[in-house]
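Have a look at it with me, entry by entry.

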Amino acid sequence: GGLSPGRSASAARLPGPASATAERAGGRAMPPDGRQYAPLPDGAGSQSPGSSPGRKEASRSSRAKRQSKEEGGEASRSMGASRFRSHREDGDASRSMGVSRSIGASRFRSQRGEEDGSRSLGASRSKSDGRGTSSSRARQYRAIEYEDTNEDAVEDVLSVIQFGCEVYFVEEALEAVAEIDVVRFGLTTERAAVDFSTQDGSAIAGIKYEQNSGTLNFAPGELSKTIQIPIIWSSDWNATLEFAVHLGNIQGAQLGKYMYTCRVKILDRDCFPTNRYADYFRSKKVETIPGLSLFFEYVKMTLRDHRNFRLTMAYILADSIKGLYFLFGLYLQVYLIDVVLEYDPEDEVEKKEAAMDKGVLWLSELIIPYHPMRTAAVLALLYLAPLIALHVVDLWKCKAQLPGRLRTFLQTNLVRKFLSYKEEVRTNFSPKQLGWIMTQGVSKVVDDGYMSMLALVRIVLKMLMLLVFILTDNKTAVVPLIACPVAVAIFMRTREDITDVAGKERLQKEDKLRHHVVDTAHEYQLISDFHLRSYTIDVLEKRLDAFHTLEAWANTVTMNNMYAAPWLVTIVIAVYMVLGSMQVRAGTTSVGVFVMTILVFKELGADLQELNVKCFEVRSAIEPFRNIAKSMNLATDLADRMRVNESRLKQGKKRRSQAEAKAAEAKASGVDFAVDTVPFEASHLTFAYPGCEPIIRNVSLEFEQGKLYALIGPTGVGKATFLKLLGQVLLPQENGGTIFLPPHLRIVHVNQNMLLPGSFFRNLVLNSRLKDVGGKTRVQNILNMLNFEKELIDLLDLPEEEASSSEWMARLPKSAYARITLARVFIMNPEVVVMHSPLSLFNEAEQERLAYLLRQHVERKGLDLPEKQQRFRRPRTVFFTAGNLSVVKAAHKVYAFGEEEEGIHLLSVDETLESGKRAEAWEAILQKHLS
């Protein structure tokens, strides 16, 4: 990409030996294979790279050389110090990994916002609460900024340092380290240095990888260095997580304008929720997995996370306090009935005198001797006081947000998986299905599943406390107290099948009804055009009647289940009323114990009813969880992308070396950077969609950088497919040839009619910061070039909170969607753009104007950018399809797609013809293929 200012190659004396090795803090030994890796952090107390004495000496040397060259007539300017700061940006929607360019030697500082504890860049491995919820509290990438404190920055250094690729992949179970290439382009005769640091994303340092930072020193002639970042292996499941690596504080070269940041994706091939049923998922036998056993695997996975475990135990402890409070209340009421209400002052005096005669210590049965009413008041206070603790505990449970953490973990990982599915998997996985799983499915699993299991634990603990009361005060009631739960368990077991059937059928009917309503809303125009309103309502009414009939039957089953415990306990209480009354009259049981025993049985009935409900709620969560588990284990394309990326990196390194070997030839032809001569290449490319004949057969083509390519031909011959392969939307199939795209370039495949919820501005710059795309003025200039309406351009001046509404989308014509797509391309300015029919929605005159605007974008290496920096920017290349002659004529080269026997070929005209005849012949050739 373009370049940021850097220290002049001849104006810096850099630290380090002549051999190209990265400085390693603490003098750690180099790996036994002899490869040069970047340093690992050596603790929080280590000196930051930017403030090392060698770097300061380099700065002084730079100033001295600059003065010498200025006296000799050379116009070289040096770069000054800057402060390097790392900020953590909050917000789920923004994940900026942009890094402002360094402008010289700097002091390197890292400031992390606190979440579970601060972490400095030099610190040793961070500690964590656990594994499983890294996604639910994942730290955002911290945007790194370099504040310019230099007097005169250099902008003409023909040497660039950046990452070798935008995204790197590493497989957790197979690779102990992630190896990241940092490459240098252009002038390599001088030394250069650059700092690097890792930054947390969804992957957290100390959990998924080891934090790393340091300095890379490039010796003269050295083209690349490798950063090595250790990966922490874990058998626990996680969706694909990623972290970032940033470059900054550069000397002797310029920092690439865009690829000063790369992302590292950590692939995890473990099965969700654990590997116990991995074979079932891989063989697609998910339906045969025992539902309850599968759900318990989810519970085990959740409890392996340290914070989830602590919160779960705290929830259980908090709920047990309620049981203790009930038990405490029982004893208070027994005391109130048997002691306070039965108090006899004369009997109290007799007991006291008898004790004194025997010479033993006398203690009154009342808390306040001789004062039964005061004692009753104390009992009242003792009964009320624990309620304060219960209230505080319940407030804490609300703020602890355990259910929210669990839902967030499942929901974020579902979206991560969905975004990484293979194309054929994503095609068959409807957005409606994802929406239901994300909302109702996840809620059922967490609220009706996991949290109901905690409620079951609470109920069991409470029944044990009831048993304690009965054992200590009324042992004759032990048998019915134990028999009731056993009888209810037997009843629940006999009703298990019919309850499961009722729950499944209700869920299926509800799901079909919801899909029908959504489809009806989507197809409104068809219903309106063909006057199908009455028919649509009739169909809906029939479906609603069928659903409500099934719902009534399911509710009947549920109601019968709920009444089992009340019936059983009520019968037990009725029997005990007779037997207990006899015990009271016989004097073997006190009135207080009798009354409290009845209360215990009533509480037992309520608990058994709740236990019944919670058990069926847990069972109702099994099928939604099975769907979630199935979704989490669907095939992704990450392994294929890793394979393609590794091949691309290997080929890229080889071809860059070949290009640098011919740097003199490139320079003679006017190319400052030899790497710009590396071509795109398709080799023996064949591609077929599942179950279809190949749409692309044995295609071998080569495209040079810096051109506008038009692809033309009839419908259905593979133009869009070829563009998707170029844009990496589709990947070359095994034994289907290869596509080589220089890995140091950013490649964007653009779709029309795609808008994100939110403001007009956010739809233009996406997740980029305004200054990274050239500022507000550049954005406005590009919108004016594209003839945007003034009302839309004025939206840029609104405050973010006012402009965040999506109401502006409602009044957009179809052509405005395509115009926004073009605006994104010009604003984001990627090196390679792939577009299918980007101008088809405009009239012919507008198509021609926009086509030549695309050509200007290519020839100027970006629109509305400083002309003096054009030579430092990477070439821009655009591939697009078109069916209009005036649009195609704007292209530098045109490729025609034909039937199987014709294939894909470059169109050309006889160069020996005169200029006028050559233009006529060229137009005739294009017209023939377009028709």
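**Entry 1: α14 and α15.** I looked up how these two helices lie, and they are roughly parallel to each other, where angles under 35 degrees count as roughly parallel, over 145 as roughly antiparallel, 65 to 115 as roughly perpendicular and the rest as oblique. The axes of α14 (residues 591–620) and α15 (residues 622–632) cross at roughly 25° and come within 4 Å. Axes here are lines fitted to C-alpha atoms, for helices over the stretch in contact, with angles running from 0 to 180 degrees between N-to-C directions. On the α14 side I noted V618, R619 and S620, and on the α15 side I622, E623 and P624 make the contact (contact means heavy atoms within 4.5 Å). Sorted by class, this contact has three nonpolar, one polar and two charged residues. For the classes, Ala, Val, Leu, Ile, Met, Phe, Trp, Tyr, Cys and Pro count as nonpolar, Asp, Glu, Lys and Arg as charged, and the others, Gly among them, as polar.

**Entry 2: what I am reading.** This is a predicted model, in which local features need pLDDT of at least 70 and side-chain atom pairs count only at pLDDT 80 or more, while totals for chains, interfaces and linings use all residues. Residues are numbered from 1 along each chain as its sequence is written, and side-chain values use heavy atoms, with hydrogens and water left out.

**Entry 3: the whole protein.** I found 26 helices and 21 strands; helices (H or I, at least four residues) and strands (E, at least two) are DSSP runs, numbered from the N terminus. Of the 931 residues, 50% count as buried, and buried means under 20% relative accessible area, exposed over 50%, partly exposed in between (1.4 Å probe, protein chains only). Taking contacts between residues at least 6 apart in sequence, 78% join residues at least 24 apart.

**Entry 4: α10 and α13.** Next I checked α10 (residues 478–494) against α13 (residues 533–586): their axes come within 10 Å and cross at roughly 155°. The two helices are therefore roughly antiparallel. The crossing is right-handed; a crossing is left-handed if the near helix is turned anticlockwise from the far one by less than a right angle, and right-handed if clockwise. From α10, P480, C484, A487, V488 and F491 take part in the contact, and from α13, N560, N561, A564, A565, L568, V569 and V572. I counted up the classes as 10 nonpolar, two polar and no charged.

**Entry 5: α4 and α6.** Here α4 (residues 306–340) and α6 (residues 372–400) have axes that come within 10 Å and cross at roughly 170°. That makes α4 roughly antiparallel to α6. This crossing is left-handed, and its contact residues divide into 21 nonpolar, two polar and four charged.

Entry 6: The expected span is 1.5 Å times one less than the number of residues. The buried residues of α7 include L402, L406, F409, L410 and F418. For α16 (residues 638–661), 24 residues should span 34 Å, and the end C-alpha atoms are 34 Å apart, which agrees. Buried in α16 are, among them, M642, V644, R648, L649 and R655.

Entry 7: F703 is in strand β14 (residues 696–703), and at 1% relative accessibility F703 counts as buried. F703 touches P679, F680, Y709, F722, F879 and Y895, leaving out residues up to four places away in sequence.

V773 sits in the loop between α19 (760–765) and α20 (776–785) and is buried, with a relative accessible area of 6%.

Entry 8: Most residues other than glycine have a negative phi, and most peptide bonds are trans. A cis peptide bond joins F272 and P273, with omega about 0°. Phi of Q401 is near 55°, a positive value, and Q401 is found in the loop between α6 and α7. Phi of N787 is near 60°, also positive, and at 43% relative accessibility N787 counts as partly exposed.
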